[in-house]
Amino acid sequence: MTLISQRHSLSQSSLMLLSGCLWMLALLIASPSYGGSLACRPLEARVEVLQQETQTLRHQLETLYQLEQMGVWPTTGFKSVVPALLTSDEEIQDWWRALQMPMPEPGVSSAENINCESLASDLKSAWQARERYRQALTSMVSRWSALPRSRKLVLIRALENEDEIIRLKQEIQHSFANDDALRGAIQDWSNEYLDTLGQFFRLAARENVEGIRPVWRQALAMPTVEAYLKRALDDYASSLLASPDRQNIVIALNHLRTDLRLFSTRLRNSTFLPPTSRPIFAGIVDDPQSWLADLLLEARMVPDVMLDKLTDELMRDYRSGLKTDTLPTILSGWVVQLLLLALAIWLLITISRHLRVSLSEWQQLLLEKTESRALMSTVSALFWFLKPNIDWLMMKVGSDQLSRLIPDDAFILQLLSPVGTMVALYYFAKVVREWWSSRIFGRSNQFLTGSQSDEILRSSRHFAKLVVFFYIAWLVLLFAGGGRLYHLVILGFLITLWAGGVLYCRRHAKVINPFLLRLLPARYAEPAKGWLQNPLVTLLYPLWMMAGQITDLVWVLHQKLLNLDSYRRVATQILRLRLESAIVEDPEEPEGEVSRAYSYWFLKQTPEQTGIIRQEPLTEELMAPINAWRGDKDPDNVLLISGHQGMGKTTALDIIARNLENTPVIRMDIDVKVTSREAMFQTIAKHLGMPEFTAIKHLVEFDASQPKRVLLVDDCENLFLSDVGLLEGMRTFLECVNAKCPNLYWVIAIHRPAWDYLSKVFRREQRILTQYALPKWSAADIRKLILSRHHHSGFKLIYDELLLAAKATSDAANFRAAETRVFNLLWEQSNGNPDQAIYLWLNAAQKRKGRKVEIGMPAKPPLSSLATLSDDSCFVYTAIVIHHRLNTEELVACTNLPEPIVRHALKIGINLELLAYGEDRRYGINSFWYYTVITLLSRKNMLHG
């Protein structure tokens with residue numbers, strides 16, 4: 001019983017103990033602290049990670065803020081804070097993308113939310129704190145990323161230099177451990193460099209362009225390490241830096257100093273460029289010494305900055321090649337790029353030259369196959385623009401298009417565009433300058449000689465070189481970042497251009513003034529002549545020239561647009577209104593307008609009005625025998641001048657008369673027929689001032705008592721008629737000429753066909769040794785004669801489209817092509833005869849509109865138009881050719897033809913405009929038909945020359 005009771009009590013106590021343990025275990029399991037310690041550990045780790053990220057972001061933000069606001073660098077270096085900004089571009093982009101990527105709010109499970117309520121709250125607070133710092137850091141870095149690329153590269157270089165000097169500081173501690181004074185001095189230099197670099201970074205990152213100037217000065221004033229040590233240490237000696245380690249450190253520090261000077265100069269210069277451009281002359285009045293000092297510093301840094309700009313990318317590749325052992329590949333790539341650059345430039349120049357020639361051939365082909373005159377004019381205008389401009393168009397367009405195909409990392413090939421632009425600018429400036437000058441001559445109706453064209457071409461090349469020089473200077477300064485010099489070069493180019501324009505206009509005032517005056521109304525032209533001579537006004541010559549060129553171009557455009565019906569209708573209505581108002585104001589036209597007909601300036605003007613052409617060479621040839629006689633070096637006292645109709649025999653006598661200053665000159669013009677001996681004696685006696693004589697000996701006796709004199713005899717063809725008994729006048733004249741009169745010099749001018757005839761008739765009687773046949777005029781002389789008279793007419797000269805189709809490949813040839821072709825044809829058709837050239841020119845001027853004259857293809861009358869002439873008519877015309885001018889009675893006498901036949905031949909000649917009837921009532925061959933008639937009569941064996 002006792003045992004049973006004891007067992008019972010034991011089991012009861014055990015049960016109570018077990019139930020207590022179970023209760024305690026249940027309480028322990030139910031306890032939150034026990035359950036939370038196991039379920040909340042991951043949550044604790046997440047909170048710790050966020051807090052660590054927040055601390056890192058906070059440290060980076062504070063460091064960047066201090067650097068951006070105060071320019072203070074972290075003591076451990078920027079790389080230790082934000083390493084991604086000093087590594088490769090890919091890592092920077094990855095870090096920037098990760099920084100910008102939105103981070104979702106961390107989630108918490110329901111069990112964690114219930115059991116780890118405080119940790120869940122801490123997690124949310126840590127995430128919010130990290131996001132605040134992350135957004136602030138993103139906002140700061142985004143401002144840097146929005147900066148221009150050039151400024152971002154400057155910031156990267158500043159960060160790299162800061163990282164390098166932190167590394168060098170550690171080496172300084174080791175290499176200069178035994179010399180505290182030297183180590184301290186170098187540390188002070190490094191700190192000064194870091195301070196300057198930090199201030200520069202602060203201003204560059206915040207785009208504080210106004211504060212760049214003092215930091216730039218500070219950077220340029222920073223001495224080299226050696227100079228700093230000499231100034232800081234009294235016992236400094238260069239041997240202290242003799243070890244290789246110390247030398248390498250000093251070289252690296254000096255390189256950092258040079259780098260700071262370079263990119264601080266580039267950033268300072270950029271402050272003078274848009275959009276934050278500063279006035280270049282700001283401060284020159286308040287502090288001129290400082291302004292000039294800054295300008296000199298800037299000029300001194302230009303070569304270094306330019307070289308750094310050009311080699312910046314190349315040096316990056318070079319350093320990358322050293323690190324990755326790919327330097328041979330990089331160097332070979334540079335050589336290939338350089339060769340490709342030279343090949344591309346050469347190909348563009350070669351293609352443009354061949355294309356210029358091809359354009360001329362295509363123009364000829366199109367004009368030959370084009371029948372529409374309007375289309376011909378359009379095609380001609382297009383090609384005349386393309387041919388002189390193809391060089392610069394090809395270079396500019398070709399280089400720009402090829403540059404688009406070049407990859408961004410081919411830095412040497414990227415020079416194709418600026419080099420191509422430079423070459424294109426040379427061609428463009430040359431074309432514009434040449435077009436400008438040539439157009440002034442052309443629009444002024446001035447004769448442009450070959451030497452003047454060569455001078456225009458040379459001056460155009462010099463002008464183009466000047467433009468390219470300023471362009472290179474502008475490009476160099478643009479690469480250097482800008483600066484005051486950048487704007488001063490532009491200003492200097494404009495001043496040089498203006499001064500050159502003033503000098504050019506003064507030099508060619510005789511051509512430019514008529515160009516400007518012709519643009520003014522007639523009532524203002526005369527007062528403006530004196531106004532243009534004012535020295536102050538000539539300073540504005542380029543302005544007047546530009547205004548004149550623009551006005552003239554507008555007028556030319558107006559003429560071109562008149563081909564359009566709609567424009568022509570509007571212009572006609574405006575013109576009608578102007579004419580109606582003009583009629584009300586001035587109903588009568590000036591009386592002198594009729595006398596200004598175009599032909600007047602060619603046919604009625606005297607040589608004194610238009611100038612004697614070929615005067616100098618003709619004077620030397622004509623005066624040589626006369627001067628020999630005057631100097632008693634040659635007894636020959638006869639000079640015979642012969643020439644065809646219009647060759648200038650009378651002009652030659654005028655030249656002789658003007659050049660005989662100390663010798664009396666007697667002029668004997670035989671304007672009537674003198675065919676008897678008595679009449680000839682009377683004529684000579686009258687002009688020599690001697691009594692009438694009947695024998696040659698009387699003339700000889702009279703001459704012996706007279707001083708030396710020169711007798712000019714013109715129109716000697718009037719001393720005979722080719723018939724029996726009518727040659728006595730010429731025979732008597734030849735006897736007088738052959739007489740021994742040493743004090744009388746005979747200068748005889750005679751019609752060439754007449755002299756050819758007389759030389760055969762008086763083969764024995766004539767003994768004239770000095771005979772001068774007037775030579776044919778050259779094409780240049782004929783051109784000068786025509787254009788000088790055309791200039792006096794005041795008419796505008798244009799050429800037919802067919803003449804404008806000449807193969808001209810240069811800009812000077814473009815201006816002169818049609819003109820050269822016209823005068824070459826004119827010279828060939830006129831046989832070098834100026835008189836016939838004038839008539840051929842007038843005949844080619846078929847279309848006249850207002851004050852414009854359009855010149856077509858010059859051509860003399862065809863021989864076929866005289867094929868129907870009878871022999872009798874040809875005999876009449878032969879007599880006229882031989883005698884130069886005859887009336888009806890004289891023609892009957894020398895041809896022995898009945899008067900009706902002679903009159904019929906004269907009527908036919910008048911109807912054909914073959915003959916000209918003069919005021920002296922004589923008939924002569926029209927100059928326009930002269931050589932055609934001679935050719936016909938020579939073929940019929942009626943003329944023998």
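Two residues are in contact when heavy atoms of theirs lie within 4.5 Å. In this predicted model, 75% of the contacts between residues at least 6 apart in sequence join residues that are at least 24 apart. The chain has 945 residues, of which 44% count as buried, and its secondary structure comes to 37 helices and 11 strands.

Two packed helices are described by the angle between their axes and the distance between the axes. Where they meet, F875, V876, A879, I880 and H883 come from α34, while L891, C894 and T895 come from α35. Sorted by class, this contact has six nonpolar and two polar residues, and no charged ones.

Within that contact, T895 can be followed in some detail. A polar atom of its side chain lies 2.5 Å from the backbone oxygen of L891, and, leaving aside neighbours within four places in sequence, T895 is in contact with F875, V876, A879 and V902. C894, another residue of α35 that meets α34, is buried as well, with a relative accessible area of 10%.

The loop between α34 and the strand β9, residues 885–886, holds H884. Most residues other than glycine have a negative phi, yet phi of H884 is positive, near 75 degrees. H884 has a relative accessible area of 17% and is therefore buried. A positive phi is also found at D632, where the value is near 55 degrees; this residue lies in the loop between α25 (615–630) and β1 (638–643). With a relative accessibility of 62%, D632 counts as exposed.

The cysteines remain to be considered. A disulfide is a covalent bond between the sulfur atoms of two cysteines, and the structure holds zero of them. C741, for instance, is in no disulfide, and the nearest cysteine sulfur, that of C736, is 7.8 Å away. With a relative accessibility of 2%, C741 counts as buried.

Definitions and conventions: Residues numbered from 1 in each chain as written. Predicted model: local features only at pLDDT ≥ 70, side-chain atom pairs only at ≥ 80, totals over all residues. Heavy atoms only, no water. Disulfide = S-S within 2.5 Å. Buried < 20%, exposed > 50% of the residue type's maximum accessible area, 1.4 Å probe, protein only. Polar contact = N/O pair within 3.5 Å; in protein donor to acceptor, adjacent residues only side chain to side chain. Helix = DSSP H or I, 4+ residues; strand = E, 2+ residues; numbered from the N terminus. Nonpolar A, V, L, I, M, F, W, Y, C, P; charged D, E, K, R; others polar.
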